[in-house]
Amino acid sequence: MYNIKKHSNALELPIVLQKLSDEATMPDAKELALNITPSTDFAAVQSLLRETEDAYTLIASFSSPSFGSCKNILSALSRSLIGATLSIRELLDIAEVLRIIRSVKRWREECSNKKDYSIDYLFSGLNPNKYLEDKMNFVIKSEDEISDNASPELAEIRKKIARNSSKIRDDLEKLVRGHTAKYLQDAIITQRDGRFVVPVRSEYKGEVKGIVHDTSSSGSTLFIEPMTVVETNNEIRVLKSRESDEILRILTELSSEVSDFADSIKYSYNALVKLNLIFAKAKLAFNMGGSVPKLNNKGYVYLKRARHPLISKKTVVPITLSLGGDYDTLVITGPNTGGKTVSLKTVGLLTLMAMCGLMIPADDNSEIAVFSKVFADIGDEQSIEQSLSTFSSHMVNIISILDECDDNSLVLFDELCAGTDPVEGAALAKAILINVSSLGAKCVTTTHYPELKSYALDTYRVQNAGCEFDVDTLKPTYKLNIGVPGRSNAFAISKRLGLKDNIIDTAKSQVSEDDMRFERVVASLEKARKEAEEERAKVSKLKSDLLVSKTKHEQLYKEFRAKQEKLMEQTREKASHIIDDARYKSGQLLNELEEMKKTLNAENASNTLDKARADYKNT
């Protein structure tokens with residue numbers, strides 16, 4: 001029977017869920033995070049991812065609401081419904097939950113973006129109860145104390161207790177300061193069993209009349225309640241009993257009010273826990289640099305610059321690969337510690353994360369398939385020696401996988417059939433991959449077997465991939481190259497480390513011509529790939545330079561147009577000023593001529609005036 005937990009553990013999903021749990025603040029949300037199981041329902045995964053994305057958007061726009069670390073109150077609410085009296089601690093916990101509910105509800109209402117989000121149904125499920133919250137905070141001062149103002153009766157009782165206590169202290173102060181002081185061990189007033197007493201030396205027991213309530217461990221001191229305060233102490237004892245009864249009555253009444261709203265508070269609390277978990281998913285996405293992948297139910301996976309979430313962002317090398325498009329099986333080869341297993345786990349872990357409603361650490365436009373089953377057989381490619389029992393245990397797991405996988409499965413084999421005779425191991429590995437392919441499953445495997453490289457080269461819908469290794473520095477680059485098998489580079493590395501040429505030549509002579517030819521083909525492919533990458537880099541640089549030049553030209557043109565417009569505007573303003581000045585002067589001249597008309601010959605003045613008007617019109 002398919003065991004999702006087993007394969008999730010192999011891909012280290014629980015470690016990611018622990019990180020998610022750390023982002024949650026409410027204990028119940030933390031627990032939910034640790035128990036998340038990848039969903040195989042396509043619509044459910046869509047819904048989960050949409051909720052995470054919406055929380056992510058809200059955090060980016062308005063920061064995150066504060067959920068605090070309020071405790072589970074469901075048991076207390078259930079007890080209130082059957083008439084139980086809740087403790088002060090339980091009532092305080094409920095008051096804190098009501099405060100958080102009100103705070104989170106207000107946070108959503110104050111978000112200026114009025115867009116609807118998929119998690120709004122949870123915000124709508126938050127029902128603040130300011131009346132009950134305020135009442136509990138008014139009645140309860142702390143976990144150990146009820147407020148004096150919780151009821152008039154309680155206030156009156158405590159006043160009487162205070163008066164009587166003060167009276168006793170006054171009486172005892174006189175006693176310890178008076179002639180009785182010489183009989184005391186210390187001039188202090190203390191309490192035993194809630195009654196005021198004084199410490200009397202045992203040899204003076206008969207000198208202080210009263211009731212002995214306690215004796216020191218050495219027997220040298222007796223704690224005596226003087227007869228003068230016995231009556232008042234009795235009154236205090238009665239008042240204390242009445243105080244306890246009144247506090248119980250107040251707590252019972254408050255518990256009854258809680259029961260009236262218990263169902264509403266339960267509903268709100270559950271909504272609060274779910275919101276806390278969803279916002280924890282969003283916070284984890286921020287920490288991991290996550291994005292929302294596209295989803296499909298066709299078995300297609302495309303990871304663009306994907307990063308393993310459990311490796312530091314500063315050191316992890318992103319990988320880009322696809323599966324289920326041009327090929328269904330990917331064979332990853334390369335040297336030890338070169339990144340093969342990390343690449344394999346990245347595919348599986350990011351798939352499971354998406355199926356849990358988590359954003360994945362990959363670039364935008366990555367795509368994840370929702371598989372019905374995800375299988376993982378993870379080996380240890382760095383082991384120096386593997387025993388038969390290790391091989392057997394892996395084979396038992398592989399047999400189980402082959403029995404259960406189908407055309408909607410993702411199968412991940414790490415070092416398939418390693419740890420046994422190389423010839424038989426390679427043949428078994430090839431046969432297993434052929435079987436998985438015939439079932440229609442999508443498969444990624446890592447291997448050192450050269451036979452699987454040849455299988456990937458010759459077989460339809462099977463592709464090679466290689467983890468790159470820098471022979472010059474003798475270090476892996478962790479770069480995954482699709483379409484080119486990885487090389488062991490054993491001869492090149494040995495030569496680089498100083499192994500004599502004659503030994504290397506002897507070793508080469510032991511390798512079959514077919515194997516040497518294959519390695520030469522692989523080397524040729526790798527060389528061609530690097531040359532193509534260099535050419536792409538050059539073209540990319542030329543495009544970038546061209547874009548920079550184009551941007552600079554457009555900027556210069558904009559600046560030229562702006563200067564041109566400014567110059568034209570200045571010219572227009574000058575021309576307008578000249579025209580306005582001319583009109584002003586012509587108007588003055590007309591005024592002067594009007595004055596002259598009054599004093600000059602009417603006919604001459606009229607002619608002069610007509611001429612001036614004509615000049616004015618022509619200006």
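Predicted model: local features only at pLDDT ≥ 70, side-chain atom pairs only at ≥ 80, totals over all residues.
Q: What makes β12 and β16 the edge strands?
A: The open sheet has six strands in the order β12-β13-β14-β10-β15-β16, with mixed pairing. Strands β12 (373–377) and β16 (475–482) each pair on one side only. Neighbouring strands of this sheet are turned by 15° against each other on average, direction ignored.

Q: How do you know that β15 pairs with β10 and with β16?
A: The cut-off is at least two bridges. Five bridges join β10 to β15, which run parallel, and β15 pairs with β16 over five bridges in the antiparallel sense. Ala465 of β15 is the bridge partner of Ile332, and Ile482 in β16 is the bridge partner of Ala465.

Q: Why is β15 called largely enclosed?
A: A residue counts as buried under 20% relative accessible area. Seven of the nine residues of β15 are buried, so the rest of the structure largely encloses this strand.

Q: Which strands does helix α12 touch as it packs on the sheet?
A: Helix α12 (residues 340–355) touches β10, β12, β13 (409–413), β14, β15 (462–470) and β16. The direction of α12 makes about 155° with that of β13. Helix α15 (residues 450–458) lies across β10 and β15, at about 130° to β15.

Terms used:
Residues numbered from 1 in each chain as written. Heavy atoms only, no water. Helix = DSSP H or I, 4+ residues; strand = E, 2+ residues; numbered from the N terminus. Axes fitted to C-alpha atoms, helices over the stretch in contact; angles between N-to-C directions. Contact = heavy atoms within 4.5 Å. Buried < 20%, exposed > 50% of the residue type's maximum accessible area, 1.4 Å probe, protein only.
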